[in-house]
Amino acid sequence: MRSFSVICFFLCCVQLSMAQEIKMPIREEAAFIQNPMLWADCPDPDVIRVDDTYYMVTTTMHLMPGAPVMKSKDLKNWETVGYIYDRLTDSPRYDLQQGTVYGRGQWATSLKYHKGKFYALFAPNEGGAMGRTYICTAERAEGPWTVLSRMRHFHDATLFFDDDDRVYVFYGTGEMVELKQDLSDVIEGSHRKVFEREADERGLLEGSRIIKHNGRYYLLMISQVYAPGRHRREVCYRADNIQGPYEKAVILESDFGGFPYVGQGTIVDSPYGDWYGIIFQDRGGVGRVLTLSPVRWIDGWPMIGDEDGRVPRHMRPVVSGQPRTAIVESDEFDSNDRKLKLCWQWNHNPIDEAWSLTERPGFLRLKTSRVVPNLYLAPNTLTQRMEGPLCCGTVVMDISKMRDGDRAGFAAFNGDSGVLTVRKDGKRLMLTMSEQSVRLTEAEKAVTDVEEKVMETVGLSTKTKTIWLRIEGDFQPGHNDAANLYYSLDGLTWTQIGTRNYRMLFDYRRFFMGSKYAIFCYATKKIGGYVDVDGFDSKRVMASAAV
């Protein structure tokens, strides 16, 4: 396995510079933080500091386990340390039955620390019982987390503990309720509208995040007026009393790196008195990435950005000398504790009996467990984020135990996907590269159709036991979020297959997330087959002019 990783590193670098004709000089990351701080799909961030450690939670919707908790000492090196829940169980739709929860599930989690305990609040983007708000708590950010209460739905909400221990939820567009001291429910009659929209602000106004600083309350929100010449921006409402009255200021209005204006996030301080803004930016196929900016307190307002009010290209870490960590990782599947690395998430709830790290040590076994017609209904599809500016993911699979009708492979997975599929039909074995696009109902997100265009087919010998599959992603500005797909039968000689520069897309109406690496194995005729995955190798390549 170690030799596999070394070979993948060099071959990925070679192909990223030759096969895609990328002519930028490759360099190592310097000591500074290069924006985007995290060039991967991390929407709706909430960030807090506990002593000298930052903790962050972002949205992962239909992926399980959900609500990833990440930590950092320097705001540069982040690692996933836990999840707030392993699975959601309010509906069979979380199990890809009677519909799906693509683009739904967990949204915009609020993370807090109060009197020695961590708290998280999130509301699935659903109606009825599925959309009831969760409040969870833990002694450690790493978990285990327990559900403390469920209550009415709060959209894009933030939990807030005041200095007098009273507890509030800000949500929607300027709405607030007070909670009971045990956080079991809302205090009836406590609802208040703390501000009214301005007359010209009739577009997006949501994403509540609230802090208290020097005795004042600051409610941060994303704002966007859908009119010519108006931009996405971060606004702040402040008040001397939590009940109001609130006054408003625009605290960030900046495009960045050749992409549209940033918006939605929060601010956090350092142990040394500095303040930082962590705000996401939509970047097409890779998803919503995180930017880091200084915060300057001017006339009592937290103004995000450099002296010109813009997201800077570079930032200094809070502290130096921290070890390198990442939220996307390679994996040799040699875990001794029978658990996957925390970088992995399943597409919807997994079927636990249908995967294993122990049945063949050093391999991830993915078993077919349900007959399904397509990839979008396949259980136990395993995912990780793709990254910018350039990334390369490689898997090696033992396909010798596939059965008639089985499909296994590797995908740049989204509502529109570029897919490498090993197909077993009778005694025939073949590899295809296809473009797949899913259609979903609005209410239940049920899969109504998958349009599949097979772009190239390669016949494989029935004696083929092992295959290597690779996806390279190019998310540099102006490169159209291109994916190129390859295969190898020996791990050394690679052949590109199918669409050149397949365009990865972001579609808020379906998945509402960035493209993911996805490893899959499913049955279309009968269950009982499986593949053994002998490793996943991930490389992120920085380019000198990437932003």
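## Surface, fold and one buried leucine

The protein chain exposes about 21,100 Å², and carbon and sulfur atoms supply 48% of that area. Keep in mind that this is a predicted model.

On the inside, buried residues account for 62% of the 547 residues in the chain. As for secondary structure, the chain has one helix and 38 strands. Its radius of gyration comes out at 23 Å, close to the 24 Å that the globule rule gives for 547 residues, so the chain is as compact as a globular protein of that length. If you take the contacts between residues at least 6 apart in sequence, 60% of them join residues at least 24 apart.

Here are some whole-chain lengths and distances side by side:

| Quantity (protein chain) | Value |
|---|---|
| Radius of gyration | 23 Å |
| Span of the C-alpha trace along its principal axes | about 75 × 50 × 45 Å |
| Separation of the mean positions of the 68 positive and 72 negative charges | 4 Å |

Now zoom in on Leu375. This residue sits in the loop between strand E26 (364-367) and strand E27 (382-385). Who does it touch? Setting aside neighbours within four places in sequence, Leu375 is in contact with Thr381, Ala411, Phe413, Val419, Gln436, Phe520 and Tyr522.

Val47 is another matter: it lies 328 residues from Leu375 along the chain, and the C-alpha atoms of the two are separated by 34 Å.

Notes
Residues are numbered from 1 along each chain as its sequence is written. This is a predicted model: local features need pLDDT of at least 70, side-chain atom pairs count only at pLDDT 80 or more; totals for chains, interfaces and linings use all residues. Side-chain values use heavy atoms; hydrogens and water are left out. Helices (H or I, at least four residues) and strands (E, at least two) are DSSP runs, numbered from the N terminus. Contact means heavy atoms within 4.5 Å. The radius of gyration is taken over C-alpha atoms; the globule rule is 2.2 Å times the number of residues to the power 0.38. Buried means under 20% relative accessible area, exposed over 50%, partly exposed in between (1.4 Å probe, protein chains only). Accessible areas come from the Shrake-Rupley method with a 1.4 Å probe; for residues, only the protein chains shown count as cover. Lys and Arg count as positive and Asp and Glu as negative; His and the chain ends are not counted. The place of a charge is taken as NZ of Lys, CZ of Arg, CG of Asp or CD of Glu.
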